[in-house]
Amino acid sequence: MADLILHHHDPSPFAEKIRLVFGLKSLPWSSVQLPMVMPRPALMPLTGGYRKVPVLQVGADVYCDTRLIALELERRHPEPSLFPDCNPGLAMAVGAWSDRSFFDPGAGLSMGLNKSLIPSEVIEDRKGFFNFMDFDRLEQDIPHLYTQLRANLVLLESMLADGRAYLLGERPGWADINAFFPVWMARGNIGDAARLLEPFTNLRAWEERMQRIGQGRRTELDASAALAAARGAEPLPAGGVQVDDPLGLETGARVTVTPDDYGRIPVEGELVTLTDLEVAIRRQTPETGEVVVHFPRFGYRVNRAP
Ligand SMILES: N[C@@H](CCC(=O)N[C@@H](CS)C(=O)NCC(=O)O)C(=O)O
């Protein structure tokens, strides 16, 4: 069994980002398939309530959100780098654009165009989750959503206009993966994607290069084996609280960590790491023993527990 365990489902575009990181780094990994909707009884003991997809588990350490998962995989497996151009900041900033501005209209179109084909329990689940989508207007909004997606495709085409192989140079990296995943979602979910993408010549050539990255070496794993892996491991040593952190929290404080966009479910635990880029909390459950759950600082609110 590979140490890197990805909890995901195959249609997830955010999970595709991390599958591509495995591909770029040629890593072996274990795949735990999540149900498409809540409840996710085998995931909750690991994350303490965080429900978004994907989640990376390495023993008793659990990493939430692709923004932190990418950095952690880079730390553990630095070569080949996700930042071949030595500019991690720019690559992360591309994600701030693509995770919202580019992803949101693609997700709206994926739902709106396929509403009659999507099982009703998935629609009901996502209604309570994707607060940026107006589910009652999805069908009327289709033309508008096309305009938003196309504007972002024009932007991406212009990033590649000088014929460069990848966004920041001659080798692929996290910037490309961030820009690619909404295109991957559009190809998979939008019936007329071929017509939509046809005018974007540089983008399509880059897309083909991205598709060749693959997924690394994947083996399927049962969710119960992932819980056993957590029980059988110790979390990594904690990072401690950065002295000048503006929140004034101390190591060991009871805190909640909550996404500030959608899926706002607070996860409670004992603060063990608080830096500019990461917050981590310790938790204990009968299914997992002691685990440390790690989140990025970007996009997460940390509060003292009530
Ligand atoms: N900021 C998160 C966003 C993750 C996200 O929104 N994932 C979608 C799947 S692509 C999700 O959780 N959808 C609902 C679900 O699968 O329960 C990240 O970068 O990991």
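The space it takes is the largest pocket. A pocket here comes from a 1 Å grid over the protein atoms alone: an open set of points with protein on both sides within 12 Å along at least five of seven lines. A molecule sits in a pocket if more than half of its atoms lie within 2 Å of the pocket's grid points.

Before I go on, two caveats. This is a predicted model, where local features need pLDDT of at least 70, side-chain atom pairs count only at pLDDT 80 or more, and totals for chains, interfaces and linings use all residues. Residues are numbered from 1 along each chain as its sequence is written, and side-chain values use heavy atoms, with hydrogens and water left out.

Now the shell. How many residues surround the ligand? There are 14, and the closest are Arg40, Arg51, Val53, Thr66 and Tyr262. By class, the shell has six charged, five nonpolar and three polar residues. Charged means Asp, Glu, Lys and Arg; nonpolar means Ala, Val, Leu, Ile, Met, Phe, Trp, Tyr, Cys and Pro; the others, Gly among them, are polar. Two helices to look at: α1 (13-24) and α3 (66-76) each supply at least two shell residues. Helices are DSSP runs of H or I with at least four residues, strands are runs of E with at least two, and both are numbered from the N terminus.

Next, polar contacts. Those are pairs of N or O atoms within 3.5 Å; within protein, one must be able to donate a hydrogen and the other to accept it, and residues adjacent in sequence count only if both atoms are side-chain atoms. Thr66 has a polar side-chain atom 2.6 Å from a ligand oxygen. For Arg40, that distance to a ligand oxygen is 2.8 Å. For Arg126, it is 3.3 Å. On its own the ligand has 500 Å² of accessible area, and the protein covers 97% of that. Areas use the Shrake-Rupley method with a 1.4 Å probe; for residues, only the protein chains shown count as cover.

Two cis prolines. The Met38 to Pro39 peptide bond is cis, with omega near 5 degrees. Pro39 sits in the loop between β2 (28-33) and α2 (44-47). The other cis bond joins Val53 and Pro54, omega about 5 degrees. Pro54 is in the loop between α2 and β3 (55-58).

Ser12 lies in the loop between β1 (4-8) and α1. Is Ser12 buried or exposed? It counts as buried, because its relative accessibility is 5%. The cut-offs: buried is under 20% relative accessible area, exposed is over 50%, partly exposed is in between, with a 1.4 Å probe and protein chains only.

Over to helix α7 (residues 174-189), which holds Asn178. Asn178 is at 1% relative accessibility, so it counts as buried. Its side chain makes a polar contact of 2.9 Å with the side chain of Lys17.

Last, backbone angles. Ser26 is not a glycine, yet its phi is positive, about 50 degrees. Ser26 is in the loop between α1 and β2, and at 46% relative accessibility it counts as partly exposed. Cys86, also not a glycine, has a positive phi of about 60 degrees. Cys86 is in the loop between α3 and α4 (88-113). At 67% relative accessibility, Cys86 counts as exposed.

Key
A residue is near a molecule or strand if one of its heavy atoms lies within 4 Å of it. On a 1 Å grid over the protein atoms alone, a cavity is a set of points where a 1.4 Å probe fits but cannot get out, and a pocket is an open set with protein on both sides within 12 Å along at least five of seven lines; lining residues have an atom within 4 Å of a point.
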